Amino acid sequence: MKASLPFIEESFDKFNRTIFEDKLPKIPVALSNASSYVGLCTFKTRRRAFRAPEHYDFKLRISTRFDLPESELEDTVIHEMIHYYIRLHGIKDTSAHGNVFRQMMDEINTRHGRHITISHRTTKEQREALIDKRPKWHVVAVVTFKDGKQGLKLLPRITQRITAYHRALMRSGKIAGIEYYFESDPWFNRFPTSSAFNVFFPPMDEVRAHISGANPISVTSRGIEYGNKE
Ligand SMILES: [Zn+2]
């Protein structure tokens, strides 16, 4: 399921009662479209001389981008509620997920059968699920350096840009060769397309697995030729 305002608010009330002894005041909830996190607890800090820092203006931010099991969304809400509890009560911890946080988390996991973790980051699988799955045609360049290292580059489908990239890289003196393919595997959608003179280094066996090799392009400093097969 994807997070919704009623679901978050109901979860907050439920766990405030069952886990936090109703010690947490209602918190504004903001939904976001973030891909880097599922949940965050944000707040401001006021620092004054001779006083402990004071935290206020708490907000619970939840991304609606991910389709997650209900229990995982609940664990996310509880994770943020632990942050809220610690900051609200001015409890000192060794870091954001320090000793106090971990102790509370472990206790809740044991006593309430939860599976809360200290990670805010979304998992690789969750981020993969967001990548556009529609096939799109890309000009894929596999760059081989003279030291044997290989990299990947996605180029715009504009002849002058492709030949300019080819010329600049070959002129650098570091390149042994560049293979070009016209490829529609949606796996490549995760890489940006540009004519900047850079190269990415994803695992090459993975790259090769997604190049069908059916449409090689031959590029020279003068122009390009698309291979055809009938
Ligand atoms: Zn956290």
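The model is a predicted one, and the domain assignment divides the protein into domain 1 (5-128) and domain 2 (138-226). Taken over C-alpha atoms, the centres of domain 1 and domain 2 are separated by 44 Å.

**Layout of the sheet**
- Three strands make up an open sheet with mixed pairing, and their order is β1-β3-β2.
- Because β1 (29-32) and β2 (39-46) are the edge strands, each with a single partner strand, one side of each has no neighbour in the sheet.
- On average, and with direction ignored, neighbouring strands of this sheet are turned by 30° against each other.

**Pairing of the strands**
- Strands of a sheet pair through backbone hydrogen bonds, and the pairing can be either parallel or antiparallel.
- The parallel pair consists of β1 and strand β3 (residues 54-63), which four bridges join; leucine 31 has isoleucine 62 in β3 as its bridge partner, while alanine 30 stands opposite arginine 61 in β3.
- The antiparallel pair consists of β2 and β3, which are joined by seven bridges, and here threonine 42 stands opposite lysine 59 in β3.

**Helices on the sheet**
- Returning to β1 and β3, whose parallel pairing rests on four bridges, helix α1 (residues 5-18) packs on the sheet and touches both of these strands, its direction making about 140° with that of β1.
- Helix α2 (residues 70-88) also packs on the sheet, where it touches β2 and β3, and its direction makes about 15° with that of β2.

Note on methods:
Residues are numbered from 1 along each chain as its sequence is written. This is a predicted model: local features need pLDDT of at least 70, side-chain atom pairs count only at pLDDT 80 or more; totals for chains, interfaces and linings use all residues. Domain bounds come from an automatic or database domain assignment. Two strands pair if DSSP finds at least two bridges between them. Helices (H or I, at least four residues) and strands (E, at least two) are DSSP runs, numbered from the N terminus. Axes are lines fitted to C-alpha atoms, for helices over the stretch in contact, and angles run from 0 to 180 degrees between N-to-C directions. Two residues are in contact if their C-beta atoms, placed from the backbone, lie within 7 Å.
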